Structures are given as structure tokens and as C-alpha cells.
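Here is a friendly note to read beside the model. Please keep the sequence and the 3D view open as you go through the points.

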Amino acid sequence: SQGIELLDKNRWVESRSLTVKLYTVSAETELVLGNAEIAEQRCEEVLNQEEVSDTEKLPLKLTKERILSSVQLQYGAAMDYCLELLKELGCVLFRRKLMIPVLAIRRSLAAIKKVKKIPKESYDTMDTIEDRKQKAIVHLLARVAFLGLMNHEMMLTQLATCKMIEMTLQDGLHEASAYCLTFLSVVVLFNYDYKTSCMFAETALHLVQKSGKFRNGETIMMAYSYAFAGSKALEEIQHEFFVAYTESLRVGNAEWALWSLVIHDMLFPYQLGKPLPAILDDFPNMILQAEESSQAIHTLNLRLYKQTFLLLQNLSSTDTPELEGDLFSKANGDDEGNQDIQASMTFLEGELHLFSGNYELAAKRALKVGGVFEKAQGAHFMIFIETYHRATVLYAAAIQTKQRKYKGAAKKLRNKIDKLEKGGNPNLKYYALHLNAEQAVVDKKFDDADRLYKDAIESVTALKHLQHASISL
């Protein structure tokens with residue numbers, strides 16, 4: 001900023017190159033520091049200059065996209081902006097929107113087939129992309145992949161992912177070569193293919209040190225949130241999210257640093273049964289970081305979770321669970337129509353219903369909600385606990401009321417958890433034991449139920465997952 005102040009009035013004519021560089025650095029720095037308004041002002045001043053070339057404007061356009069998505073939560077607008085920039089660079093992902101699903105499926109299948117055949121060591125001898133235009137295309141494609149995930153447009157995520165993989169195989173390694181492999185590992189999880197997903201994730205981690213430092217944290221977080229969270233014990237991989245957090249923070253990537261921190265300090269501890277007061281102790285630090293870096297989605301999500309945890313501490317069976325309070329209020333429009341926040345609300349409202357103990361009310365809600373959360377989150381590790389808790393209230397209502405609608409819905413979810421557990425997910429053992437015990441009660445096989453309940457209690461007690469120990473008792 002001080003350098004900009006020293007420039008004369010004819011800056012855009014007499015010292016254009018220096019001026020653009022100063023504005024670019026200033027905009028990027030202000031955004032990292034959480035001063036989004038100043039960053040946006042810097043961007044607009046450069047973008048409005050006719051003397052400045054499109055190539056010189058590109059870094060400012062990339063910063064503007066970050067403001068649209070990370071600060072203003074306009075994921076759709078940010079996506080359109082990225083796609084337009086890609087077109088300007090000669091990269092067209094699709095001609096007509098109607099063709100997106102067909103292209104996404106076709107290209108995904110082709111990419112999966114190709115990558116499966118390539119040993120991870122083969123990437124070590126690949127050249128590295130040096131062309132500035134190609135680097136810009138890769139950066140924009142990486143943003144499209146992320147924005148598709150956030151805006152629940154997975155077909156666009158797939159198209160961007162496949163294009164990045166194609167560039168890796170044809171032109172050489174780039175900053176997102178590892179990152180895009182983790183997205184491909186998510187795509188194969190649509191069919192619950194954890195073996196292939198883990199293979200792609202392992203290759204991505206192998207590439208982390210070779211394909212550029214900027215996306216190390218993002219790659220690590222994606223690999224462990226999807227592929228490895230469904231194949232390794234959560235206790236064993238929790239530290240990896242702290243590694244991802246520090247890697248992202250080191251390069252000033254506050255957006256992804258906070259995703260990793262939230263998982264490490266909030267989501268994993270909750271799933272692993274850490275006492276709520278202990279989890280709440282970490283909230284001031286997380287919220288402070290989110291607010292100081294102007295990360296709106298993280299600020300909203302943290303307020304939402306904190307509000308829920310405070311309500312859970314004082315919940316009783318006479319309450320009608322409502323996600324309302326001083327920190328977050330649906331009635332006041334705090335969800336702002338954001339799909340990610342609405343997905344979190346779906347999960348957390350379910351938690352309030354489960355632990356209130358009013359199982360029939362909770363089961364009615366579970367039937368109404370159905371698989372909305374899973375549809376929104378894809379193969380993210382949070383779907384496991386949500387599915388288990390939904391099945392739990394349905395079984396409780398089925399046993400209480402003997403109604404077939406609860407029995408049928410509960411059994412479908414039980415079968416799903418059972419299949420995933422038998423497929424190698426070590427985190428679902430007591431989920432499966434408990435739900436199988438409930439099914440045995442429904443089937444009036446009480447001896448089997450008694451044995452399975454005892455096994456479930458022993459399993460969850462050994463893991464010290466306190467909230468699930470109370471459910472299984």
C-alpha cells in the first residue's frame with residue numbers, strides 16, 4: 001500500500017508494469033489479511049484500466065474470484081466467472097449445459113481407466129509445465145473443481161478434474177496434479193470403490209512433493225477426508241489434518257487451512273466421542289481465525305456447530321429441538337440460502353432430535369429428510385455418522401411403535417452400514433453391531449440381540465466414543 005501511495009498520477013501510462021505488480025501484491029496480501037474490501041478495490045482499479053493487458057489483469061481476476069467465493073459465498077457466480085476466464089484462455093469444458101452429465105461420465109470413466117494403469121513411480125520422470133498460460137488454466141480448473149464441490153455441481157467438478165488429469169498426462173506435472181487425483185479418488189467413491197480410491201489418493205500423496213507446494217495442504221485434506229477416512233481408523237489419521245492445516249497456512253491459503261483445522265479440532269473430536277466442553281474450548285481460536293481471514297463459510301459453520309453443541313449440553317426429552325440461539329438463527333436467515341450451511345443444518349438438527357430422546361418425532365423427521373445430507377456431502381466421512389444416527393432413531397421408533405414404515409427405512413440404512421463395514425471401514429464396527437442388535441429385536445431374535453448389544457457396548461467402550469456408548473446402552 002505504501003508503494004502505491006508513492007506512485008504518481010500518470011502511473012498507468014508511465015510505470016504501468018510496476019503499478020500492476022504493486023496492485024497485484026497488495027490485493028493478494030489484503031485478502032490474506034482479511035481485508036476483502038480493500039482487496040476488491042485494488043482489483044477493480046486494475047481491471048478498469050484499458051492500458052493494462054489481459055495477461056497482466058489475470059492475477060487480479062483470480063483474486064476477484066476468491067472474494068466472490070470465500071468472502072461473499074457466491075459460488076455460482078464464482079463458477080461462471082472461472083468458466084468465462086477459461087474460455088478466454090482457450091479452454092472450453094463444455095459447449096452446451098445439457099451435455100455436462102454425459103461428458104462428465106464419459107471423461108471420468110476414461111480418466112479412471114488411464115490412471116489405474118500408471119504406477120505412481122512413473123510420475124517421477126514426467127516433465128513439469130512451465131508455460132504461464134497453461135499454469136493459469138490449471139489454477140482456474142482447480143477452482144472449478146472446488147467450486148463444483150461446494151455448490152453441489154459434481155458434474156462440473158468431474159469435468160475440471162478430468163481436464164487437469166489430461167494435462168498432467170499430456171503436458172507434464174503442474175501445481176494441481178496431485179490435487180486432481182484426490183478429486184478423482186472422490187469420483188470413484190460414487191460406487192464405494194475404496195480400493196481404487198485409496199490407490200489414487202496414495203499416488204496423490206506421492207506427488208505432493210513434486211507437483212508444487214501450493215496445493216500440498218489441499219491434497220492431504222482431500223485424501224484423508226474421503227478415501228482414507230473410509231479405510232483407516234479415524235484415530236490414526238487425525239494428525240494428518242493438522243499437517244494439512246500447517247501446509248495450507250504456510251502458503252497463505254486460509255480457506256483450506258481452516259477446512260483442515262475444523263476437521264482436526266471439531267469434526268473428528270465429535271465423532272470420536274470427545275466431551276463437548278473440551279471441543280467447545282477450541283472454538284474461540286477457530287472462529288477468530290475464520291473472522292480475521294474473512295472466511296465467511298467457516299465463520300457461519302463454526303457458529304452453527306457451536307450453537308448446536310451448546311444446545312446439546314442442556315437438552316431434555318421434553319424439548320422440541322430447534323436450531324435457534326444467539327450464535328445462529330435459522331429464523332433470522334443466518335443460513336443465507338447457502339447449500340453447505342443447509343447441509344450442516346440437516347446433520348445438526350438430526351443430532352438434536354437424536355439426543356433429545358423423542359425418538360418417534362426424530363424418526364418422522366428422518367423419513368422426511370431421507371438422504372439429503374449424503375446427497376449434499378457425497379462420500380465425505382461425515383455421512384457415516386449421519387447415516388448411523390438416522391438409522392438409530394428409526395429403529396427406536398420401529399421398536400416403540402411397531403410401524404412398518406420405520407422398520408423398512410431402518411433396515412435399508414442398517415444394510416448400507418453393514419456393507420461398508422464388511423468392505424473394510426474400521427470405523428463402523430460398533431455402528432454395525434448396534435444396528436444388527438436393533439434388527440434382531442425387530443425380528444424378535446432376543447438372544448441374538450442381547451449378544452450383539454453386549455458386543456456393541458464392548459466395542460464402543462474400548463474406543464471411548466462416549467456419545468455412542470450412551471446410545472448403545
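The points below go from confidence to helices, then to spaces and single residues.

1. **What you are looking at.** This is a predicted model, in which local features need pLDDT of at least 70 and side-chain atom pairs count only at pLDDT 80 or more, while totals for chains, interfaces and linings use all residues. Residues are numbered from 1 along each chain as its sequence is written, and side-chain values use heavy atoms, with hydrogens and water left out.

2. The score called pLDDT is the predictor's confidence in each residue, from 0 to 100. The protein chain averages 89, and 93% of the residues score at least 70. Where pLDDT is low, the predicted coordinates should not be read in detail.

3. **Helix α13.** Helices are DSSP runs of H or I with at least four residues, numbered from the N terminus. Helix α13 (residues 234-250) has 17 residues and reaches 25 Å from its first C-alpha to its last, close to the expected 24 Å. That expected span is 1.5 Å times one less than the number of residues. Several residues of α13 are buried, including L234, I237, Q238, F241 and Y245; buried means under 20% relative accessible area, exposed over 50%, and partly exposed in between (1.4 Å probe, protein chains only). An α-helix has 3.6 residues a turn, so residues three or four places apart point the same way. The cover over the buried residues of α13 includes α12 (216-225), α14 (254-271) and α16 (283-292). Just after α13, G252 has a positive phi of about 75 degrees.

4. **Helix α18.** With 18 residues (339-356), α18 reaches 26 Å between its first and last C-alpha, close to the 26 Å expected. Is α18 largely enclosed or largely open? It is largely enclosed by the rest of the structure, because 14 of its 18 residues are buried. G357 follows α18 and has a positive phi, near 85 degrees.

5. A cavity is found on a 1 Å grid over the protein atoms alone, as a set of points where a 1.4 Å probe fits but cannot get out; lining residues have an atom within 4 Å of a point. Grid points are joined across faces, edges and corners, and a volume is the space filled by probe spheres set on the points. Of the 13 residues lining the largest cavity, G350, E351, R365, H389 and R390 are the closest to its centre. Helix α18 gives the largest share of this lining, six residues.

6. **The largest pocket.** A pocket is an open set of points with protein on both sides within 12 Å along at least five of seven lines. The largest pocket has a volume of about 980 Å³. Its lining has 37 residues, and the closest to the centre are E28, P59, L62, T63 and H139. Helix α5 supplies the largest share, 10 residues. The lining divides into 15 nonpolar, 12 polar and 10 charged residues. Here Ala, Val, Leu, Ile, Met, Phe, Trp, Tyr, Cys and Pro count as nonpolar, Asp, Glu, Lys and Arg as charged, and the others, Gly among them, as polar.

7. **The second largest pocket.** This one holds about 850 Å³. Of its 38 lining residues, Y226, D340, A376, Q377 and H380 lie nearest the centre. The lining has 25 nonpolar, 10 polar and three charged residues.

8. Most residues other than glycine have a negative phi. L73 has a positive phi, near 60 degrees, and sits in the loop between α5 and α6. L73 is buried, because its relative accessible area is 12%. H152 has a positive phi of about 55 degrees although it is not a glycine, and lies in the loop between α8 and α9. H152 counts as partly exposed, because its relative accessibility is 27%.

9. **A buried threonine.** T157 belongs to helix α9 (residues 154-171) and is buried, with a relative accessible area of 0%. Leaving aside neighbours within four places in sequence, T157 is in contact with V144, A145, G148, L149 and F183; contact means heavy atoms within 4.5 Å.

Note on methods: Helix = DSSP H or I, 4+ residues; strand = E, 2+ residues; numbered from the N terminus.
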